[in-house]
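This report describes how the parts of a two-chain assembly are arranged and how they meet. The sequence and structure are shown first.

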There are 2 protein chains.
Amino acid sequence: MGGSCDEASQNRKTSWKKNPEAVKENILTIATEEFAAQGLSGANINEIAKRTATSKRMIYYYFGDKEGLYQHVLERVYSSLRETEQALNVSDLEPVAALRRLTEATFDSHVNNPHFIRLVMIENIHNAEYVKKSEIIPKLNKAIIEKLADVCERGKASGVLREDADPLELHWMTSSASFYNVSNMATFSTSFGNSLYTKEGQKRMRQRVVDMVLGAVVVGYQPPPVS
Amino acid sequence: MGGSCDEASQNRKTSWKKNPEAVKENILTIATEEFAAQGLSGANINEIAKRTATSKRMIYYYFGDKEGLYQHVLERVYSSLRETEQALNVSDLEPVAALRRLTEATFDSHVNNPHFIRLVMIENIHNAEYVKKSEIIPKLNKAIIEKLADVCERGKASGVLREDADPLELHWMTSSASFYNVSNMATFSTSFGNSLYTKEGQKRMRQRVVDMVLGAVVVGYQPPPVS
DNA sequence: TGACAAATTAACCACGAGGTACATAAGTGA
DNA sequence: TCACTTATGTACCTCGTGGTTAATTTGTCA
């Protein structure tokens with residue numbers, strides 16, 4: 001089946017199966033695109049099947065039903081983004097630099113993961129029903145908060161951060177701007193033109209977001225002039 | 001029919017009255033709820049019809065098809081929110097107070113219009129296809145930018161606002177926080193607990209948003225300590 | 001090898017949901 | 001009152017879509 005690289009063939013021991021992993025991956029990849037593009041009810045299983053290298057039957061074989069497929073897609077995309085975030089290490093940066101770095105990284109990771117954004121939008125339309133069902137998603141979110149908590153602690157200790165700085169609020173502020181930047185691009189640029197969505201516009205907004213976040217928690221922060 | 005408070009509503013089967021406007025309003029009200037809750041493909045015309053005081057036939061009679069109904073719903077909810085925003089007059093406030101007021105009003109109007117939020121989310125899933133088709137929506141968005149432009153101009157003239165303050169960027173910053181606050185409540189509180197979504201949490205976040213916005217454009221702004 | 005299970009295919013099905021045909025009651029004006 | 005338009009209800013149709021049945025191939029290991 002349309003495997004990318006068949007490491008499964010040279011695989012050792014209990015690998016007597018044909019190529020289940022590649023098939024599952026293939027299905028999830030296509031399904032991610034379709035669900036992100038069309039939503040849960042909007043996506044079409046026949047269409048997904050047609051685009052995969054396998055058949056509709058296999059979707060049901062591995063994922064049970066449409067909702068099961070969606071659930072897997074959601075967990076997979078969450079995991080992927082959080083892994084990226086987790087790879088970033090800021091513990092050796094001084095607090096303000098660390099915060100700047102985390103904010104920039106969040107902004108960038110949102111820009112680079114439109115599928116994640118769209119699936120989270122869709123989840124919110126569904127009142128987070130499938131996120132709630134998930135066993136793994138809640139665990140993924142701890143890391144980012146812990147990182148921010150560490151920065152806050154160090155920042156308060158050295159006096160560069162305000163005493164009321166709060167990791168959860170910081171995450172909310174960073175996320176809100178970063179998320180909206182991608183999620184509402186379509187309506188925003190339709191309504192107000194795309195000047196904030198050019199390459200230069202995005203660079204400026206990224207800087208603005210950093211300034212907003214730092215301005216909220218850094219003692220006496222003065223944002224540099226933006227071009 | 002009898003959308004609001006008609007007394008003869010149980011006898012409509014045998015002797016109904018003509019009431020096109022009320023019927024249309026009734027359909028739009030129900031359809032707004034359904035589309036906001038389920039999305040375009042998720043909403044069910046039969047279900048909408050069942051919930052109205054009229055029949056499915058009338059939906060097609062007045063709105064053509066499902067997409068036509070959705071388009072009307074979208075325009076109606078946009079108009080409603082923008083009218084509310086337009087009612088706010090800040091031209092007699094000094095620039096910083098005006099900006100604070102506008103930010104608070106945006107935050108509040110988003111909280112108070114969850115249907116609008118959800119429909120805009122849905123629109124973004126559809127790449128703003130129906131907003132683009134609309135004749136009226138683009139016109140509605142001018143007002144808010146003009147208000148912010150006026151504040152910026154006055155603020156720069158008196159020296160309280162930074163020279164790089166920009167009305168469009170200000171609107172983006174205010175909207176992003178206000179929108180995300182509502183749009184992502186479900187996933188955020190599922191992942192991180194609902195401490196920011198209690199009555200006190202929301203009051204605090206509202207203040208944070210104001211501080212972020214003011215901090216970005218007010219010369220030497222020092223946010224007050226947040227409890 | 002042959003039994004047995006896992007993986008996979010192709011044809012098929014039920015039904016829900018979008019949309020329509022048609023009849024008819026409610027108003028309007030002469 | 002009667003013709004005519006607008007508004008409304010009932011019953012109906014069609015087809016797309018989620019999901020399944022049953023048979024077939026592929027691979028493991030005794």
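In this predicted model, Glu169(B) and Arg204(A) form a salt bridge, with their closest N and O atoms 2.7 Å apart. A salt bridge here is a side-chain nitrogen of Lys or Arg within 4 Å of a carboxyl oxygen of Asp or Glu. Across the interface of chain A and chain B, 4 salt bridges are found. Helices H1 (20-38), H6 (114-125), H7 (129-133), H9 (142-158), H10 (167-183), H11 (185-192) and H12 (199-217) of chain A each supply at least two residues of the side that touches chain B; helices are DSSP runs (H or I, at least four residues), numbered from the N terminus. H10(A) gives the most to this side, with 12 residues. By class, the side of chain A that touches chain B has 31 nonpolar, 20 polar and 9 charged residues. Ala, Val, Leu, Ile, Met, Phe, Trp, Tyr, Cys and Pro count as nonpolar, Asp, Glu, Lys and Arg as charged, and the others, Gly among them, as polar.

Chain A can be laid on chain B with an RMSD of 0.1 Å by a turn of 180° and a shift of 0.0 Å along the axis. The two copies are thus related as by a two-fold rotation axis. The superposition is by least squares on the C-alpha atoms of residues with pLDDT of at least 70 in both copies. Met212(A) is the residue of chain A that comes closest to the rotation axis, at 2.6 Å (C-alpha).

Within chain A, the domain assignment (automatic or from a database) gives domain 1 (18-64) and domain 2 (74-217). Their centres, taken over C-alpha atoms, are separated by 29 Å. The side chains of Glu25(A) and Arg76(A) meet in a salt bridge (2.7 Å, N to O).

The buried areas are listed below; buried area is the accessible area (1.4 Å probe) that two parts lose on being put together, summed over both.

| Parts | Buried area | On carbon and sulfur atoms |
|---|---|---|
| Chain A and chain B | about 5,200 Å² | 62% |
| Domain 1 and domain 2 of chain A | about 740 Å² | 63% |

Thr32(A), Ala36(A) and Leu40(A) supply 60% of the area that domain 1 of chain A buries against domain 2 of chain A, more than any other three residues.

Residues are numbered from 1 along each chain as its sequence is written, and chains are lettered from A and ligands numbered from 1 in the order in which they are written. As the model is predicted, local features need pLDDT of at least 70, side-chain atom pairs count only at pLDDT 80 or more, and totals for chains, interfaces and linings use all residues, while side-chain values use heavy atoms, with hydrogens and water left out.
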